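Let's go through this one together, one feature at a time. Ask whatever comes to mind as you turn the model around.

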Amino acid sequence: MKVKRIYIENYKTYRQLDLNLEVTDDRPIILIGGANGCGKTTLFDAIYHALYGLEIKNQREFEELFNAGVKNEVGLEHKCIVLEVTFTGVVLGRETPYKLKRAYQLMDGRVLESNELNMDGNRFVYGSGSTAAQRSTNEEIVNKIISANLPAELSNYFLFDAMKTSELVKEEQINKLIIKNINSVMGFNKYAQMRKVAEAMLAEKKAERLENENLKKEYTNLTANKAEEERKLSDMKDEYEKALTYANEHKEQYEQLKEGRNADEVTRDQIRKLEESINGIRKKEKDYRQDADALSRDLEVKVIMPKLASVIREEVELILSEKESVASAKGNILNDEQIEKITRDIVKIIEERYVTLNKIDVKAVADQIREAQEKGDDVQDRYSFLNAVDVDTLKQVVRQSYVNSFLALSEQRERLVVELADMPHRQEQLEEYQRMLSGSDYTIIELYERNNKRIEELRSQMEMQKQEIKKLADKISRYDYDMPQIPDPQYDMLCKLPDFFKALSSKLLAAKKASIERMMKDQLNLNLVVYAGCIGRVELSADTSDDINFKIFHKEGNEIFLSQLNAGAKQTVMQVLLKVLYELGDYDPPVMIDTVMGVLDKASREVILQEYFPDLAQQTILLSTDTEITTENDFKKIQAKVAKTYTLHRDKEKQCTTVSDDYFGLKTYEEY
């Protein structure tokens, strides 16, 4: 199978994209570059969903997938999301062209779909407007054609994100992965299916040959019971596989929670700190505004008076000093209020004692006392025009402690400007932490332990089920003695078929196992930099294709445990396994890798570029940033194997991705 072209319309970041992905035998690589967020993963998803379809349940999901720029300009009604992939596949030794188009339209709040496969001129159409019979027939044909080229259950092995491959390289997971590939990619499932069919046909034939009706009935019931028990065992195995997958995927998180390292708690603590800092900045901003308002209202007192005091302080101090000297020289001098008070008191006493006297003028007496007091000494007072109240006021102006609020407010403003400039960054951090909250971590421990308990239960139940099936098989085998010994070539052949397919599967498995071990060893010695040239052997211990253990051994004899490899080495092991399975498998799909270098170090990247990518598959589509496959050095190493180059560009204003025919400015070899 080779993907020839992908056409995208209104899907996520793509308004419209028509990309030629054709390669040649000597140039099998398509190199697609782009910065983070430019649409590499979206392109990856578009090819996947063009093959296997989108499931859009409602208008909300349609809006999430529809290009935002187009939506803002013309709306959603009657507009389509279109994914169209053109590819070729080999049918009966002949390369056949296919074009598969899937369109999704929003109409009156409903999502309508239409699917059309053109197979070498023959059209198969189905969708929302099809009759049930037409849809069932054509959908089945389309799914069979896709499955014949690349079954959906195998797509994750050939269309994958390299960043996530190291998660698959865990002891339980990689063993399961190899088993699945041997059974599916390498075609061993068909031998198991043929054996089951042969056993069913043999059981029917045996039932026919039994002459006694009671024996025939008993035999038929036993074979039916055995088939039912085998079906139950198959269901248990499926549930067991799902439980193992869940345990593997959540083991690390479970262990972290058990040790008290709850990621959500850490995140919540960060959220709390950020919220406190943001609220603190907002409070400072509010306080600044209030202080600024207060300063503007009391401008005379807080700004003008301190300035005035600093200007007149020296002169006023001289005046005050002289006034104090005059007062000291004159002795005890009464001020005006004291004179008036004393005068009123004395006049009151005189009037009470000497009632015959005329009314005394208090003010006149006070003035005479004041005049006499001023003339009573030879001391000259140059500032006699300043009374006691004036002197006290001057003292208060120049001797009061002032704080220049304007300077403090200016410093407050400068600090606030810096903190406000950092506010958008803090807000982004807060939103990021809020998005990181899973909301379900507290249930993981209970779910994980319940799942582990179920794994143990299933193991026990499967063992008991196998024993029950064996008992039924033993009972069924006893009826062989009751079979009439009449020559029947068809019956004799059916008796041999189950063991034939079992033996054939075992022989093929042994040969395939040896090939996998040999190729894995050679490829790991070449690509696994940390142990390059030191892999002594790779071992697949297996009696059947349902029970395989994968191990790597150093040439000195010790096992190299997968759990001890770093993330980059695990990625290399996974990619080597992919290459071996591709070489030995029954399928020939394109290989599409996102974030191609994942977590590889510099040395591993060098090897992967030179030894791995060039002959990985008949068609290899690489999605990379310029820090993964660099333009300075890396591009040149694979340039001779590159058929086409593209760079994705994100237009933030129009909210869309466009494409240019280069790899960050570089082009294929012929174009230089």
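**Reading the model**

A: The structure holds 2 cavities of 30 Å³ or more. A cavity is found on a 1 Å grid over the protein atoms alone, as a set of points where a 1.4 Å probe fits but cannot get out. Grid points are joined across faces, edges and corners, and a volume is the space filled by probe spheres set on the points. Before going on: this is a predicted model, where local features need pLDDT of at least 70 and side-chain atom pairs count only at pLDDT 80 or more, while totals for chains, interfaces and linings use all residues. Residues are numbered from 1 along each chain as its sequence is written, and side-chain values use heavy atoms, with hydrogens and water left out.

Q: Which residues line the second largest cavity?
A: A lining residue has an atom within 4 Å of a point of the cavity. Here the lining consists of V3, I47, L51, L159, P590, M592 and I621, around a space of about 30 Å³.

Q: How many of the lining residues of the second largest cavity are nonpolar, polar or charged?
A: For the classes, Ala, Val, Leu, Ile, Met, Phe, Trp, Tyr, Cys and Pro count as nonpolar, Asp, Glu, Lys and Arg as charged, and the others, Gly among them, as polar. This lining has 7 nonpolar residues, with no polar and no charged ones.

Q: How many helices and strands does the chain have?
A: Both are DSSP runs numbered from the N terminus: helices are H or I over at least four residues, strands are E over at least two. The chain has 21 helices and 15 strands.

Q: What share of the chain's residues is buried?
A: Buried means under 20% relative accessible area, exposed over 50%, and partly exposed in between, using a 1.4 Å probe and protein chains only. Of the 672 residues in the chain, 39% are buried. As for the accessible surface, which comes from the Shrake-Rupley method, the chain has about 38500 Å², with 50% of that belonging to carbon and sulfur atoms.

Q: What share of the contacts joins residues at least 24 apart?
A: A contact means heavy atoms within 4.5 Å. If you take contacts between residues at least 6 apart in sequence, 70% join residues at least 24 apart.

Q: Is L609 buried or exposed, then?
A: L609 counts as buried because its relative accessible area is 0%. You'll find L609 in helix 20, touching M597, P614, I629, D634, K637 and I638 once residues up to four places away in sequence are set aside. The C-alpha atoms of L609 and M597 are separated by 9.3 Å, with the two residues 12 apart along the chain.

Q: What does the side chain of E116 pair with in a polar contact?
A: A polar contact is a pair of N or O atoms within 3.5 Å; within protein, one must be able to donate a hydrogen and the other to accept it, and residues adjacent in sequence count only if both atoms are side-chain atoms. The side chain of E116 makes one of 2.9 Å with the side chain of R123. E116 lies in strand 6, residues 110-119, and counts as partly exposed because its relative accessibility is 25%. Beyond four places in sequence, E116 also has contacts that include K99, L100 and F124. The C-alpha atoms of E116 and L100 are 5.8 Å apart.

Q: Which backbone atom does the side chain of N20 reach?
A: The side chain of N20 reaches the backbone nitrogen of E22 at 3.0 Å. N20 sits in strand 2, residues 14-20, and touches K4, R5, K644 and Y646, leaving out residues up to four places away.

Q: What is the phi of D108, and where does D108 lie?
A: Most residues other than glycine have a negative phi. D108 has a positive phi near 55°, in the loop between strand 5 (94-107) and strand 6. D108 is exposed because its relative accessibility is 68%. T595 also has a positive phi, near 45°, and its place is the loop between strand 12 (591-594) and helix 20 (602-612). At 22% relative accessibility, T595 counts as partly exposed.

Key: Accessible areas come from the Shrake-Rupley method with a 1.4 Å probe; for residues, only the protein chains shown count as cover. On a 1 Å grid over the protein atoms alone, a cavity is a set of points where a 1.4 Å probe fits but cannot get out, and a pocket is an open set with protein on both sides within 12 Å along at least five of seven lines; lining residues have an atom within 4 Å of a point.
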